Amino acid sequence: MTEEYHAVSLSGGKDSTAMLLLMIERGMPINSVLTADTGMEFPEMYLHLNKLDEYLFSERGIHITTLRHPKGFEWLMFDEPKQRPATIENRLRLGVPLCGNGWPGIRVRWCTGQLKTHLISKEVNRLKGEFNAIHYVGIAADEPKRIHNDRYPLVEWGITEIEALRICYDRGYDWGGLYEIYHRCSCWCCPFQRIDELRKLRRHHPELWAKLLEMDKRALAQFGDTPLGRFRPNWTVGQLDQRFAAEENERKDDP
């Protein structure tokens, strides 16, 4: 009889981290831990993953397997050549360049698809096909809509998002304070963040905000005032920068 293979997906956030920590503590079998690196994670997240990798190796003798797109986020955003005839025809009609995907949009979240979901799914499907692998996903018990056909230990154990974060904190994993600032610790350049999250990014990570401004200028120069060129439907990053600066000046002027 073939021994079961156990593959764990790790985003690096509180839920998947809590799941991995508890799986290790409870003696559950783990053959591989998979994470997808977009290249646009917070610096604190990379430090967190390094720390988690060291613990995983000390306890189980394996390292996290990091999957990456061969070209990366900015190549996909600005340089990927378009090949589908319908896409080329539409872009020619709109006067939009025939390369790059521009800013991700609600209808076309190419970032999540090409930099995360596709990479993880491809590897998990390979492991399922080769080893009949069991796939473990870090979804909390209060996120039932995200449950599909894999294994969800946090759901099985009744652990919520709040409890997952507490479990991580109790074991010394605090992401350098990211969860004290932001609601989520996804890519820092994500257009789908709340406005207040972007306000915090400008305040707490000015070096990343400066990079976001550069990307914004490049997108507008390449794609113009189109959905591909605008960071959000009603805002460019430059406009948000002006808004946040004005808000700061107003607070300074208040007696």
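**Note on the predicted model: burial, helices and cores**

1. Asp-15 is buried, at a relative accessible area of 7%. Buried means under 20% relative accessible area, exposed over 50%, and partly exposed in between, with a 1.4 Å probe and protein chains only. Asp-15 is found in helix α1. Leaving out residues up to four places away in sequence, Asp-15 touches Gly-138, Ala-140, Glu-143, Leu-154, Glu-161 and Ala-164. Contact here means heavy atoms within 4.5 Å.

2. Some ground rules. This is a predicted model: local features need pLDDT of at least 70, side-chain atom pairs count only at pLDDT 80 or more, and totals for chains, interfaces and linings use all residues. Residues are numbered from 1 along each chain as its sequence is written, and side-chain values use heavy atoms, with hydrogens and water left out.

3. Overall layout. The protein has 11 helices and 4 strands. Helices (H or I, at least four residues) and strands (E, at least two) are DSSP runs, numbered from the N terminus. The C-alpha trace spans about 60 × 60 × 30 Å along its principal axes. Of the 255 residues, 47% count as buried. Among contacts between residues at least 6 apart in sequence, 64% join residues at least 24 apart.

4. Helix α1. Of its 12 residues, 11 are buried, so α1 is largely enclosed by the rest of the structure. The buried set includes Lys-14, Asp-15, Ser-16 and Thr-17 as well as Leu-20, Leu-21 and Leu-22. The expected span is 1.5 Å times one less than the number of residues. Just after α1, Gly-27 takes a positive phi of about 75°.

5. Helix α2. This helix covers residues 43-60 and has 18 residues. From first C-alpha to last it reaches 26 Å, close to the 26 Å expected. Its buried residues are Glu-44, Met-45, His-48, Leu-49, Leu-52, Asp-53 and Leu-56. Their cover includes α1 (14-25), β2 (32-36), β3 (64-67) and α8 (178-181). Gly-61 follows α2 with a positive phi, near 75°.

6. Pro-43. This residue lies in α2. Pro-43 is partly exposed, with a relative accessible area of 38%. Pro-43 and Trp-188 are 145 residues apart in sequence, yet 9.7 Å apart C-alpha to C-alpha.

7. Nonpolar cores. A nonpolar core is a set of buried Ala, Val, Leu, Ile, Met, Phe, Trp, Tyr and Cys residues joined through side-chain atoms within 4.5 Å. The largest has 60 residues; Leu-20, Phe-73, Trp-188, Trp-209 and Leu-212 touch the most other members. A second, separate core of 10 residues includes Leu-34, Ala-36, Leu-67 and Ala-133. Beyond its neighbours within four places in sequence, Trp-209 is in contact with Leu-198, Leu-201, Arg-202, Val-237, Leu-240, Asp-241 and Phe-244.

8. His-135. This residue lies in strand β4 (residues 134-136). His-135 is buried, with a relative accessible area of 9%. Its contacts, leaving aside neighbours within four places in sequence, are Ala-7, Ser-9, Val-124, Lys-128, Asp-150 and Arg-151. Asn-149 is 14 residues from His-135 along the chain, with 9.0 Å between their C-alpha atoms.
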